[in-house]
Amino acid sequence: MIEFFLAQPQDTDLLGQWLAATRPPHAVVELRGDLGAGKSTLARALLRALGVQGNVRSPTYTLVERYPLSDGKEAWHLDLYRIGQAEELDFLGLDEGSASLWLVEWPERGAGALPPTDLIVALEIEGQGRRARLGAASAAGHEWLERLPQGGDLQALSVG
């Protein structure tokens, strides 16, 4: 597990940039945390770092937003907060092989209907900032964590 303290909003952007710069070719990321913990903010930062242009919306009401990436692949951002049962995902027409990146908020609500997770990002409010804990859930997730800085304060880090 790697842990970061995100003292300022730009720290969340930096973490998103690091995740984008080091991501494997195909990944499923669980974004966990209470309402307001920064899940959508981190997803937006990661997607921007992958070249997504235009409005990056939270999928709270649409449940899924699809984004073309600069590498020609597609990322899906799901917010399953409004899902009552995992079977409801069948109606969204999600094909596991169609997206190279899945960012899933409230993944526990889709348990059993989602592809296997690679990385778990748990966010929580801590004082005026956020605490981010990243844990691997697969071999690809372990490799991803090995490519990231080993935690601490992101303010001194830069992606390049």
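Glu 108 has a relative accessible area of 39% and is therefore partly exposed, a class that lies between buried (under 20%) and exposed (over 50%), computed with a 1.4 Å probe on protein chains only. The side chain of Glu 108 meets that of Arg 32 in a salt bridge, with an N to O distance of 3.2 Å. Because Arg 32 belongs to strand 2 while Glu 108 sits in the loop between strand 5 (101-105) and strand 6 (119-126), this pair ties together parts 76 residues apart in sequence. Arg 32 is likewise partly exposed, at 29% relative accessibility. The term salt bridge denotes a side-chain nitrogen of Lys or Arg within 4 Å of a carboxyl oxygen of Asp or Glu. Strands (E, at least two residues) and helices (H or I, at least four) are DSSP runs numbered from the N terminus.

The model is predicted, so local features require pLDDT of at least 70 and side-chain atom pairs pLDDT 80 or more, whereas totals for chains, interfaces and linings use all residues. Residues are numbered from 1 along each chain as its sequence is written, and side-chain values use heavy atoms, with hydrogens and water left out.

Side chains of opposite charge can pair when their charged atoms come close. How many salt bridges does the model contain? The count comes to seven. One of them joins Arg 133 to Glu 3, with the closest N and O atoms 3.2 Å apart. That pair links distant parts of the chain, as Arg 133 is in strand 7 (residues 129-136) and Glu 3 in strand 1 (residues 2-6), 130 residues apart. Both partners are partly exposed, Arg 133 with a relative accessible area of 25% and Glu 3 at 32%.

A further salt bridge connects Asp 71 and Arg 23 at 3.0 Å, N to O. Here Asp 71 lies in the loop between strand 3 (64-68) and strand 4 (74-79), and Arg 23 in the loop between helix 1 (9-22) and strand 2 (27-32), 48 residues apart. Asp 71 is partly exposed at 42% relative accessibility, whereas Arg 23 is buried at 16%.

Ser 100 is located in the loop between strand 4 and strand 5 and is buried, with a relative accessible area of 7%.

One cavity of 30 Å³ or more is found, where a cavity is a set of points on a 1 Å grid over the protein atoms alone at which a 1.4 Å probe fits but cannot get out, and lining residues have an atom within 4 Å of a point. The largest cavity has a volume of about 40 Å³, the volume being the space filled by probe spheres set on the points, which are joined across faces, edges and corners. Its lining includes Leu 19, Leu 103 and Trp 144. Helix 2 gives the largest share of this lining, three residues. By class, the lining has ten nonpolar, no polar and no charged residues; Ala, Val, Leu, Ile, Met, Phe, Trp, Tyr, Cys and Pro count as nonpolar, Asp, Glu, Lys and Arg as charged, and the others, Gly among them, as polar.

Finally, the mean pLDDT (the predictor's confidence in each residue, from 0 to 100) of the chain is 86, and 89% of its residues reach 70 or more.

Key. 1 Å grid on protein atoms, 1.4 Å probe; cavity = no way out; pocket = protein on both sides within 12 Å on 5 of 7 lines; lining within 4 Å.
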